[in-house]
Amino acid sequence: PARPVFMEQLPPGLQTISSIVAVSSCKGGVGKSTVAVNLAYTLAGMGARVGIFDADVYGPSLPTMVSPENRLLEMNPEKRSIIPTEYLGVKLVSFGFAGQGRAIMRGPMVSGVINQLLTTTEWGELDYLIIDMPPGTGDIQLTLCQVVPLTAAVIVTTPQKLAFIDVAKGVRMFSKLKVPCVAVVENMCHFDADGKRYYPFGRGSGAQVVQQFGIPHLFDLPIRPTLSASGDSGTPEVVTDPQGEVARTFQELGVCV
Ligand code: ADP
């Protein structure tokens, strides 16, 4: 199905959002959530009204990466809607804030639950909603992309040759859905030690991605202990070190979405 064109066709919960950006990866553990969260807090730091939707039912990362005081979503019983929790002014919804143990669900059920949670949330007026997509390009991802009118997609990958094939899958999925892939983030690209720069996974696949798929922007993120530590501590690195190298990269990415 084509994306909804008119505002009235959108699920009511999404009508007050200007841009919906998917942060996607084909594999788990490449840093997708790290990118989603740091991008969101960068945009908020630039003065935008931002929300994050963590669409990963099986392994939600948002509750680890940000630490709101209120760690449970609230229901509005009259409107039968969900009120997001909030940390440093960014609205947050994740299955990890839904309470109870996570249920065992099959694909179609997962899609239903994701779509319901996303579209019945009272997001209010937002400039950006960042969706931390579940990893992969299967049915759950496709259904989500069909319900939500995505403005742009950002693909996160690592520099290995194999990852190139994954990026191709991601680009194909979004192009089928007519969602522009505005940037690829090549994460864990290099690290610096003893005054030297090391590329543990090799180099060059990023440039190949840009060339082959015509994606306008490519960003490198280094392997940084602080990026991992801030993810575990509940405050994103762009908040703790707003002038740092990582923050500058995210500001450039923020301008692209
Ligand atoms: P995904 O969402 O793709 O599963 P995450 O963002 O949860 O990946 O990252 C997986 C782990 O790797 C987390 O512990 C995160 O802190 C860490 N990590 C991600 N990117 C980096 C990086 N550039 N440097 C150091 N650690 C990182």
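1. Let me start with Thr64, which is partly exposed because 15 other C-beta atoms sit within 10 Å, and the cut-offs put buried at 20 or more and exposed at 12 or fewer. Keep in mind that this is a predicted model. Thr64 belongs to helix α2, residues 62-65. Setting aside neighbours within four places in sequence, Thr64 is in contact with Gly231 and Asp232. Ser94 is 30 residues away from Thr64 along the chain, with 11 Å between the two C-alpha atoms.

2. Gly231 turns up again at the ligand. Of the 17 residues around the ligand, those that come nearest are Gly31, Ser33, Thr34, Ser228 and Gly231.

3. Next, Lys32, which is placed in helix α1. Is Lys32 buried or exposed? Lys32 is buried, because 26 other C-beta atoms lie within 10 Å, and 20 or more is the mark for that class. Not counting residues up to four places away in sequence, Lys32 touches Val23, Ser24, Ser25, Asp132, Pro135 and Val156. Take Val156 from that list: 124 residues separate Lys32 and Val156 along the chain, but their C-alpha atoms are 5.7 Å apart.

4. Now the core. The largest nonpolar core has 70 residues, and the members touching the most other members are Val23, Ala40, Ile130, Ile131 and Val154. Helix α1 (residues 32-45) gives the largest share of this core, eight residues. Val23, already listed as a contact of Lys32, is also touched by Ile131.

5. Staying with α1, have a look at how it meets α9. Packed helix pairs are described by the angle between the axes and the distance between them. For α1 and helix α9 (residues 245-256), the axes come within 9 Å and cross at roughly 75 degrees. That makes α1 and α9 roughly perpendicular to each other, because the range for that label is 65 to 115. On the α1 side the contact is made by Asn38, Leu39, Thr42 and Leu43, and on the α9 side by Ala247, Phe250, Gln251, Leu253 and Gly254. Sorted by class, the residues of this contact are five nonpolar, four polar and no charged.

6. Two backbone spots to check by eye. Arg80 is not a glycine, yet has a positive phi of about 55 degrees. Where does Arg80 lie? Arg80 is in the loop between β3 (74-76) and β4 (81-83). Arg80 counts as exposed because it has 8 C-beta neighbours inside 10 Å.

7. The other spot is Asp194, also with a positive phi, of about 50 degrees, although it is not a glycine. Asp194 lies in the loop between β10 (191-193) and β11 (196-198). Why is Asp194 classed as exposed? Asp194 has 5 other C-beta atoms within 10 Å, so it is exposed, given that the class takes in 12 or fewer.

8. Last, Met109, in helix α3 (residues 107-119). Met109 has 12 C-beta neighbours inside 10 Å and therefore counts as exposed, as the class runs to 12 or fewer. Met109 and Ile140 are 31 residues apart in sequence, and from C-alpha to C-alpha they are 9.3 Å apart in space.

Key: Residues numbered from 1 in each chain as written. Predicted model: local features only at pLDDT ≥ 70, side-chain atom pairs only at ≥ 80, totals over all residues. Core = buried A, V, L, I, M, F, W, Y, C linked by C-beta atoms within 7 Å. Helix = DSSP H or I, 4+ residues; strand = E, 2+ residues; numbered from the N terminus. Contact = placed C-beta atoms within 7 Å. Near = placed C-beta within 6 Å. Axes fitted to C-alpha atoms, helices over the stretch in contact; angles between N-to-C directions. Parallel < 35°, antiparallel > 145°, perpendicular 65-115°, else oblique. Nonpolar A, V, L, I, M, F, W, Y, C, P; charged D, E, K, R; others polar.
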